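Try each task on your own before you read its solution.

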Amino acid sequence: MGLELRTYGDALDFLYARTTGIWRLGLERVEAFLHSIGDPHRRLRVLHVAGTNGKGSVCATLEAVLRAKGLRTAVYTSPHLVDFRERFLIDGTPVAPEQIVEFVDRWTPEVERLGATFFEATTAMAFDFFADAKVDVAVIETGLGGRLDATNVVTPLVAGVATIGIDHVEYLGATLEEIAFEKAGIFKRGVPAVVGDPDPVIRRLLASHARTHSAAPIRVIYDEGAGPADVRVGATGTTFALGGRSFKTPLLGAHQAANSAVAIAMLESLPAGLAPNETELRRGMNHVRLPGRFQRVEKYLFDVAHNPAGARVLVSTLAAIDPPGPIVAVLSVLSDKDWRGIMDVLAPAVERFILTNAPSSPPSRTWNIPDPLHYALEHGWHAEVIRDFDRALVHAASAGATVLVTGSFHTVGDAMARLEVSPTGG
């Protein structure tokens, strides 16, 4: 017997009740749950992507190119911005609400029996949806880390790790070396591995871990100066040279050349019949779309930067695009993130901070706004607190020629919902 759920909202309420604010890493529960529902992940051809920053861009590029090739695609990413269904896209379209309801209703007893977490349940849900849809290729993004992430039950066609940064130290370790070890856990015996981090120390570590896992072949994007060159950022996208060829992605920022290079290497590592030809590769790259990553909508600029590394690429892209000033930042960061580091990076690029709390932020992770206000004032930065999120957006629009909304997925998603910007439409 299931829950006999009536609405999509009921299903989401059940799933969100399984979030505790604490990640429980490990594969035992998700493997047991997947086995209960017929091991759908074993019926999928998967591209697996990990990384602290950049993995969303890599996934979006992979999906766009594979769809341009004429393949039926699926992509699983997290978190969502506005609607939970953004996590499960089939040929670019979110799954129907009824599918969510049916899955949760049917499998609730098993989820509860196993004590599966929110992410474990949604990961199994993704594999089930994609297998039922008989997709040709599924692009799967890790949630946290790699080695013990719920998505790491797959044996992919290709595994790629984008960039590594300090994040989730309570789960992945406090050093880049420890985090690289966790991310490299997605590499598998006999499976092509792509390493995309530009830092020579980190990429050597990742390549070493790939060899330890017996991955083959191993492609290291930046080895011997083979990474993206002649990178140029303009209002309509980013151009770069790679291996004697020129490419353009609509995604803005010098870092998007590196992310595109990871995706290109992964696509070129696919077996015959799935690997795109040059025409398909270029056609697909023209249609890459990634909501919430330096996305401009009228005077608003949305970016989900939630760590200092993300903030640095955001500021670099701001400098390249040079949007109208003054730039006012609507900032809300989860309390367990390095908000001081984020503010340090953003401060020289913005006229003022409007500090607020995104309504969808988990209560256990909501930042204590007086702390960043005092931090800003100590440094001589213009800052004010407007706790009401809607008022913060309105005030920023009146004060700035460009409104930068950033700090977390919650911040960007809540703003998009209020401004009626659809992450999956248009």
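**Exercise 1.** In a crossing of which hand does H3 pass H10? Then classify the angle between the two helices and list the residues that touch.

*Solution.* Keep in mind that this is a predicted model.

Step 1: H3 passes H10 in a right-handed crossing.

Step 2: Helix H10 covers residues 278–285, and its axis and that of H3 are 7 Å apart at an angle of about 125°. Angles from 65 to 115 degrees count as roughly perpendicular and those over 145 as roughly antiparallel, while the rest of this range is oblique. H3 and H10 are therefore oblique to each other.

Step 3: On the H3 side, the contact is made by Thr 61, Ala 64, Val 65 and Ala 68, and on the H10 side by Glu 280, Leu 281, Arg 283, Gly 284 and Met 285.

Step 4: Sorted by class, this contact of H3 with H10 has 5 nonpolar, 2 polar and 2 charged residues.

**Exercise 2.** Now describe the packing of H12 and H13 in the same way.

*Solution.* Step 1: Find helix H12 at residues 339–346 and helix H13 at residues 370–378; they pack at an angle of about 40°, and their axes are 11 Å apart. That makes H12 oblique to H13, because angles must be under 35 degrees to count as roughly parallel.

Step 1: The hand of the crossing of H12 and H13 is right-handed.

Step 2: From H12, the residues Trp 339, Arg 340, Met 343 and Asp 344 meet Asp 371, Pro 372, Tyr 375 and Ala 376 of H13. The residues of this contact divide into 5 nonpolar, no polar and 3 charged.

**Exercise 3.** How many cavities of 30 Å³ or more does a search of the whole structure find, and which helix supplies the largest share of the lining of the largest cavity?

*Solution.* Step 1: The search finds 1 cavity of that size, and the volume of the largest cavity is about 30 Å³.

Step 1: Its lining is made of Phe 14, Leu 15, Phe 103, Val 104, Trp 107, Thr 108, Val 111, Ala 121 and Met 125.

Step 2: Helix H1 (8–16), helix H4 (97–114) and helix H5 (118–132) each give at least two lining residues. The largest share, 5 residues, comes from H4.

Step 3: By class, the lining has 8 nonpolar residues, 1 polar and no charged.

**Exercise 4.** Which residues lie nearest the centre of the second largest pocket?

*Solution.* Step 1: About 550 Å³ of space lies in this pocket.

Step 1: The pocket is lined by 28 residues, and those nearest its centre are Ala 60, Leu 89, Arg 289, Leu 290 and Pro 291.

Step 2: The lining as a whole divides into 12 nonpolar, 10 polar and 6 charged residues.

Definitions and conventions:
Residues are numbered from 1 along each chain as its sequence is written. This is a predicted model: local features need pLDDT of at least 70, side-chain atom pairs count only at pLDDT 80 or more; totals for chains, interfaces and linings use all residues. Side-chain values use heavy atoms; hydrogens and water are left out. Axes are lines fitted to C-alpha atoms, for helices over the stretch in contact, and angles run from 0 to 180 degrees between N-to-C directions. Helices (H or I, at least four residues) and strands (E, at least two) are DSSP runs, numbered from the N terminus. A crossing is left-handed if the near helix is turned anticlockwise from the far one by less than a right angle, and right-handed if clockwise. Contact means heavy atoms within 4.5 Å. Ala, Val, Leu, Ile, Met, Phe, Trp, Tyr, Cys and Pro count as nonpolar, Asp, Glu, Lys and Arg as charged, and the others, Gly among them, as polar. On a 1 Å grid over the protein atoms alone, a cavity is a set of points where a 1.4 Å probe fits but cannot get out, and a pocket is an open set with protein on both sides within 12 Å along at least five of seven lines; lining residues have an atom within 4 Å of a point. Grid points are joined across faces, edges and corners, and a volume is the space filled by probe spheres set on the points.
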